[in-house]
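These are my notebook entries on one structure. I looked up one topic at a time and wrote down what I found.

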Amino acid sequence: MRLVVVGNGVAGVTAAMAVRARDPRAEITIISGESEYFFSRTALMYAYMDVMQRRDLEPYERKVYRKQRLERRLDWVVDLDAGERTVRLMGGESLRYDRLLLATGSRGRRAAWERELDGVVRLVTLQDLDACERWTPGTQRAVVAGGGLIGVELVECLLHHRVPVTFLVREASYWPAALSAEEGAMVAAHLRAQGVDLRLETEIASLEGEGRVSGVTTRAGERIACEMVGVTIGVEPNIDWLRRVKTPPALGRGVVTDQAFRTSLPGVYAAGDCAEVAGRIEPLWYAAKRQGEAAARAMLGETVEYTPPTYYNSAKFFHLEWTGVGETAAGPGRFRKLPGREASVRVIEREGVVVGFSMLGSRWNHRVLARWVEERRRVEEVVSRLYEAQYDGEFGRVVL
Amino acid sequence: MIRNRLYHDLTNRGITGWVVAGLLVWFYMALYFTESLTPWAQRVGLSSKWDLYGLLYTVVVVAGGIGVIRKYGNNRYQVVRTAVVMFVQVVFAFSVPMMLKALHQPEYYLSYFWPLKFDYMNPEYLFAQPWPFVVYTLAASLVGVPLLGALFGKRWYCSWVCGCGGLANTAGEPWRHLSDKSSAAWRFERVSIHAVLGISLLLTGLLFYSWFSGSKSPAVAQFQTWYGLVVGSILSGAVGTGLYPLGGTRVWCRFFCPMAALLGITQKAGKRFHIRVKEDMCISCGLCSKYCEMGIDVRTYAQRNESFTRASCVGCGICAEVCPRGVLRLENQSGLVQISGVSLS
């Protein structure tokens, strides 16, 4: 079997390795124009902070690709011909496939007010990282727009380099997609304590400057002088390139697939952030990994009916850790700030049955929490047994 | 930015890193092979260069320890562990021996054991000491060390008590990430550390044989001298500490220390200490591997959802501390209570 994987992110590389594990004879080629080797996108912030070097971002030793006979191409795919079963690369080469996996991930969403100016950055690709590093020296102030997880990472990096940051968040409370108002206030207080100039309910109306950005104007008309602007208003499936190929697969918000990751084109599959699997996009690292593995089995002809497990995620806002499970935004739930600590627990219920958890400031075993949600446990029972899901380190168990 | 660059240079094998490494190696050479530090010792009222070295070592451990406690202040394990390391250094590795010396008694370092402190199992030396010390060192080296290793992992010694580990985990903190994470380094480590252990066991055996038979051949005496020079001075001192800015802080502990080898074996055999990996939460960022001073590629285990015990792991706990997703946890299996998959140790 000839397998061509477009994109060497976690979904693509996991799929390639899973195919290799089951089929020693498959010819596998992974194409990426972004980087020669699979790297951990989630660690971009640590590279930016100079805590890690570029090479440290690679989860596998380079010899793994040789040992597993995973061929790599540093190039961009510019055309897809489903009739001929070929993809054409920008460098001119055409590759034939029996199975094609589209795993091109996400890209940073563009804002309506954006212009091509130096100093306007994101933190999604390696090239974004290069740009961040290039514009940081000499920057007197940066503005970061968009209060998601990448936004707060970018803010942390800039502060690490002693660049004062104004952090603009559209919503009235921090990250309402997952956090309650009380939790949002805790995170906001934490960010402010780190020296972040956090402005809620503030959006950029326009950028100023010619060549290099020199400031932003908010919708309220305030002007903030800055030499860098971080655009972190979320990510979207990276599928625009597929609109320009000879035979595009069916596209919705992402590449539309069934539960076996099959697109509308024969032999063409999609997985990871770019895929809309049975109507759902799961833009999460571990979801991409799970999908990559399942897609590998599907491409090898196994029957696969992928259903996402109970949602869970975790994050870190500077020093404040968060674990969320289930429907974290389904209501205020039973919220309790833990005494004497920057920590809280929130158990979200519906008609007395637990449907989610949102935990700030201490560590939790999401598996135990997810199981309680799946087993539809009564909220009273869960609240009394909450300690069973604690995951704090030795000597550090948080008193509930 | 300039401060950042200088720090980067110093801690990432830049010119300043090489200069500091050179100075450290030069210092160790001067300490071990010349008397040039003796006048400095006398100037501060100490009788020998070794006392001066002990004083410097203790000051550096305490200063670095304060820095580490400030850095990881949120993490109770790090605070307790670092406080213990500082305490052991100040009391057992410095004050007690100094007091014994002032009282004209032999200097005993009660926090060091064979085979790290090789002489403590040299019968010629050991059996010339008063019996409480003989009992202490035999019981500790032969029973206490391996038993505690099996029960709590090698961390009880390597990152809670030992002075070498103490220096690495305090003053060495800025260089901990320089350890080599490659599988080639791991292969080298397994050969080198067990080779040194084998050599030290062999030499101890020969010394006991000589002692029982009442005659020591010149070859054994020469072997002993060489061991002291190569392992005791060059590998543990000049290479182990001198190369902090180039090879990370645990070069000695990881590749050469016979005590670490022994404890590693008991840690694996005991099967109680392990690093637990929370399922499907790892984002492969690699901070755990980057910060592992023993060069363990922790990420490989974490991204495979594989809880693990590695012989080399000293249980410093920094991987768990830096993990942004709270995936890792050091655990000591009590084996008593297991409820819903969560051990209540």
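Is Arg276(B) buried or exposed? I looked it up: Arg276(B) is buried, with a relative accessible area of 13%. I use "buried" for under 20% relative accessible area, "exposed" for over 50%, and "partly exposed" for what lies in between, with a 1.4 Å probe and protein chains only.

**Ground rules.** I note that this is a predicted model, in which local features need pLDDT of at least 70 and side-chain atom pairs count only at pLDDT 80 or more, while totals for chains, interfaces and linings use all residues. Residues are numbered from 1 along each chain as its sequence is written, chains are lettered from A and ligands numbered from 1 in the order in which they are written, and side-chain values use heavy atoms, with hydrogens and water left out.

**Entry 1: the partner of Arg276(B).** I found a salt bridge between Glu331(B) and Arg276(B), with the closest N and O atoms 2.8 Å apart. A salt bridge here is a side-chain nitrogen of Lys or Arg within 4 Å of a carboxyl oxygen of Asp or Glu. Glu331(B) is in strand β2 (residues 328-332) of chain B and Arg276(B) is in strand β1 (residues 273-277) of chain B, so the pair ties together parts 55 residues apart in sequence. Helices (H or I, at least four residues) and strands (E, at least two) are DSSP runs, numbered from the N terminus. Glu331(B) also counts as buried, at 6% relative accessibility.

**Entry 2: other salt bridges.** The count over all chains comes to 52 salt bridges. I picked out Glu133(A) and Arg54(A), whose closest N and O atoms are 2.8 Å apart. Glu133(A) lies in helix α4 (residues 126-135) of chain A, and Arg54(A) lies in the loop between α2 (44-48) and α3 (63-67) of chain A, so this pair ties together parts that are 79 residues apart in sequence. Glu133(A) is partly exposed at 30%, and Arg54(A) is partly exposed at 33%.

I then looked at Arg109(A) and Glu236(A), which meet in a salt bridge of 3.7 Å, N to O. Arg109(A) is in the loop between β8 (106-108) and β9 (120-121) of chain A and Glu236(A) is in strand β17 (residues 235-237) of chain A, 127 residues apart. I also noted a network of salt bridges that links Arg371(A), Glu375(A), Arg377(A), Glu381(A), Arg385(A) and Glu388(A).

**Entry 3: where the chains meet.** The contact takes 46 residues from chain B and 45 residues from chain A; contact means heavy atoms within 4.5 Å. About 3,900 Å² is buried between the two chains, and carbon and sulfur atoms give 46% of this area. Buried area is the accessible area (1.4 Å probe) that two parts lose on being put together, summed over both.

How many salt bridges are there between chain B and chain A? I counted four. Lys290(B) forms a salt bridge with Asp56(A), the closest N and O atoms being 2.6 Å apart. Lys290(B) sits in helix α15 (residues 287-291) of chain B and counts as buried at 8% relative accessibility. Leaving out residues up to four places away in sequence, Lys290(B) touches Val51(A), Met52(A), Gln53(A), Asp56(A), His177(B) and Lys181(B).

**Entry 4: nonpolar cores.** A nonpolar core is a set of buried Ala, Val, Leu, Ile, Met, Phe, Trp, Tyr and Cys residues joined through side-chain atoms within 4.5 Å. The largest has 198 residues, and those that touch the most other members are Phe167(A), Tyr174(A), Phe317(A), Phe357(A), Tyr157(B) and Leu328(B). Helix α7 (residues 285-299) of chain A gives the most to this core, with nine residues. A second, separate core has 15 residues, among them Val143(A) and Cys226(A).

**Entry 5: backbone details.** Trp114(B) and Pro115(B) are joined by a cis peptide bond, with omega about 5°. Pro115(B) is in the loop between α5 and α6 (123-126) of chain B. Ala278(A) is a residue other than glycine with a positive phi, near 50°. Ala278(A) lies in the loop between β20 (275-277) and α7 of chain A and is exposed, at 53%. Phi of Asp280(B), also not a glycine, is near 50°. Asp280(B) is in the loop between β1 and α15 of chain B and counts as partly exposed at 25%.
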